[in-house]
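The sequence and the structure are shown first, and the description follows.

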Amino acid sequence: MSQLGTAFSEGIIAFIATNIDDIIILLIFFSQIDANFRRRHILLGQYLGFSAIIIASLPGFFGGLVIQREWIGLLGLLPIGIGIHHLVYKEEDTITVQTVSSDFNQPTSTNPVLSFILSILHLQTYKVAAVTIANGGDNISIYIPLFAGHDLASLGVILSIFFIMVGVWCAIAYFLSRQHTIANILSRYGNAVVPFVLIGLGLFIMYERGTFTLLPWIRS
């Protein structure tokens, strides 16, 4: 598989594995839509919060420019450790989302550009972004080793996949918010699969970066 193809696969797997719980949060957000809390606030808030998570993860990429690729692969132990931790303790992540409805009113405009700017500045957008960032601790632990060892072109592929998937995730959550049976199944069983996906992702990161060649019985 080419390096860009590998980056494409890693990007999709990593995003899904680290954002299953975000579907539940988005379901809660979309169930609270009213005259003051709009879909655009959720979408913009997700992108703002996710961008902050990406920026916090970029040191992994810059570190990968100066550290040997095989040793960078050891960072794959991070998602493996997180996955094993979830399996051993079988923790059910409790998601606490503060009610986003507010009496804060902001004037609307018929001008689409001005309306977009007002949406970005809206308090509700930053509430969604804050929840996204607060829920992104594990994401950073996964993205740092994911970014390390890739060149700039591969990083661009991964980030493109990530930002496209944010929009797809919002669309899926919006659809599921109107399909209560599907939403209940996802919230009940979705997190059970995540530990295995994280472990598999960590092993794939180590394999793709040649980390296993550091083992003496493989090197010989």
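## Contacts along the chain

In the protein chain, 84% of the contacts with a separation of 6 or more join residues 24 or more positions apart; a contact here means heavy atoms within 4.5 Å. The model is predicted, so that local features need pLDDT of at least 70 and side-chain atom pairs count only at pLDDT 80 or more, while totals for chains, interfaces and linings use all residues. Residues are numbered from 1 along each chain as its sequence is written, and side-chain values use heavy atoms, with hydrogens and water left out.

## Secondary structure and surface

The protein chain contains 11 helices and 0 strands. Helices (H or I, at least four residues) and strands (E, at least two) are DSSP runs, numbered from the N terminus. In sequence order the pattern reads α-α-α-α-α-α-α-α-α-α-α.

Of the 220 residues in the protein chain, 42% are buried. The term buried stands for under 20% relative accessible area, exposed for over 50%, and partly exposed for values in between (1.4 Å probe, protein chains only). The accessible surface amounts to about 11,700 Å², and carbon and sulfur atoms hold 67% of this surface. Such areas come from the Shrake-Rupley method with a 1.4 Å probe; for residues, only the protein chains shown count as cover.

## Confidence

The mean pLDDT of the protein chain is 75, and 71% of its residues reach 70 or more; pLDDT is the predictor's confidence in each residue, from 0 to 100.

## The nonpolar core

The largest nonpolar core has 38 residues, and Phe 15, Leu 26, Phe 29, Tyr 143, Leu 146, Phe 147 and Phe 162 have the most contacts inside it. At least two residues of this core come from each of helix H1 (3-30), helix H2 (39-57), helix H7 (123-134), helix H8 (137-147), helix H9 (152-176) and helix H10 (180-208). H1 gives the most, with 12 residues. A nonpolar core is a set of buried Ala, Val, Leu, Ile, Met, Phe, Trp, Tyr and Cys residues joined through side-chain atoms within 4.5 Å.

Not counting residues up to four places away in sequence, Phe 147 touches Ile 54, Ser 57, Leu 58, Gly 60, Phe 61, Leu 155, Ile 158, Leu 159 and Phe 162. Ser 57 is placed in helix H2 and counts as buried because its relative accessibility is 0%. With neighbours within four places left aside, Ser 57 is in contact with Ile 140, Tyr 143, Ile 144 and Phe 147.

Leaving aside neighbours within four places in sequence, Ile 13 is in contact with Val 197 and Leu 201. The C-alpha atoms of Ile 13 and Leu 201 are separated by 7.2 Å, although these residues are 188 residues apart along the chain.

Gly 210 is found in the loop between H10 and helix H11 (216-219). With 19% relative accessibility, Gly 210 counts as buried. Its C-alpha atom is 9.7 Å from that of Leu 74, which is 136 residues away along the chain.
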